[in-house]
Amino acid sequence: MPSADERPTLEVGRIIKAHGLKGQVLVDLWTDRDERLAVGTELLTDRGALVVEAAAAHQDRFIVSFDLIKTREDADRWRGVVLSAPRIFDDDVIWIDQLFGAEVFDEAGVRRGVVVDVEANPASDILVLDTGALVPLTFVTNVEANARIDVDVPEGLFE
């Protein structure tokens, strides 16, 4: 798997289904960065680029109008298509793709395992290590993308 820095784009959502008769689609956005659906934003797909013409929040998703999707039939043909966008560089954010494959070390410098998955959790997303250990992201103190993660955990977490 390429490192986070080797991937110029990230998957940010998917077209779920048509919505209405004029080409709008329902989009499941996989990021909390709503600017991904700002008017004029270009999103990449395996079928080419789409430009956002309008977007509005709808329950937990968005109703979006794209430049190349003008009819209900067009919208039906785009069902299931994954949307990608260029990486946003923000030093204050830990990006999920920076976590996979990183070695986790506790405050004493003891290696506790390698991140193999990240589970969504309402209180805090959880790092799943190859050792079976589960570490809430709230305990992460430092991240070197896809290389090393330092954690400061309560006593007994790794027992």
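Modeller: Let us begin with Ser84, which is found in strand β6. Strands (E, at least two residues) and helices (H or I, at least four) are DSSP runs, numbered from the N terminus. A word on the source: this is a predicted model, where local features need pLDDT of at least 70 and side-chain atom pairs count only at pLDDT 80 or more, while totals for chains, interfaces and linings use all residues. Residues are numbered from 1 along each chain as its sequence is written, and side-chain values use heavy atoms, with hydrogens and water left out.

Biologist: Why is Ser84 called buried?

Modeller: Its relative accessible area is 15%. Buried means under 20%, exposed over 50% and partly exposed in between (1.4 Å probe, protein chains only), so Ser84 at 15% counts as buried.

Biologist: What is Ser84 in contact with, leaving aside its neighbours within four places in sequence?

Modeller: Contact means heavy atoms within 4.5 Å. By that rule Ser84 touches Thr9, Leu10, Glu11, Val12, Leu43 and Leu44. Take Leu44: it is 40 residues from Ser84 in sequence, but their C-alpha atoms are 4.9 Å apart.

**Strands side by side**

Biologist: How do you know that β1 and β6 pair?

Modeller: Two strands pair if DSSP finds at least two bridges between them. β1 and β6 (residues 82-86) have 5 bridges, in the antiparallel sense, so they pass. Within this pair, Thr9 stands opposite Pro86.

Biologist: Why are Arg77 and Asp74 said to form a salt bridge?

Modeller: Side chains of opposite charge can pair when their charged atoms come close. The rule asks for a side-chain nitrogen of Lys or Arg within 4 Å of a carboxyl oxygen of Asp or Glu. Arg77 and Asp74 are 2.6 Å apart, N to O, so they meet it. They sit 3 residues apart in helix α1 (residues 72-77), so about one helical turn separates them. Asp74 has a relative accessible area of 18%, so it is buried.

Biologist: How many salt bridges does the structure hold?

Modeller: There are 7. Among them, Glu103 joins Arg111, with the closest N and O atoms 2.6 Å apart. Another joins Asp106 to Arg112, at 2.9 Å.

Biologist: Is Asp106 buried or exposed?

Modeller: Its relative accessibility is 8%, so Asp106 is buried.

**The largest pocket**

Biologist: What is the volume of the largest pocket?

Modeller: About 710 Å³. Of the 21 residues that line it, Trp30, Thr31, Trp95, Ile96 and Asp125 are the closest to its centre.

Biologist: What makes a space a pocket?

Modeller: On a 1 Å grid over the protein atoms alone, a pocket is an open set of points with protein on both sides within 12 Å along at least five of seven lines, and lining residues have an atom within 4 Å of a point; a cavity is a set where a 1.4 Å probe fits but cannot get out. The volume is the space filled by probe spheres set on the points, which are joined across faces, edges and corners.

Biologist: Which element gives the most to the lining of the largest pocket?

Modeller: β1, with 3 residues. By class, the lining has 13 nonpolar, 1 polar and 7 charged residues. Here Ala, Val, Leu, Ile, Met, Phe, Trp, Tyr, Cys and Pro count as nonpolar, Asp, Glu, Lys and Arg as charged, and the others, Gly among them, as polar.
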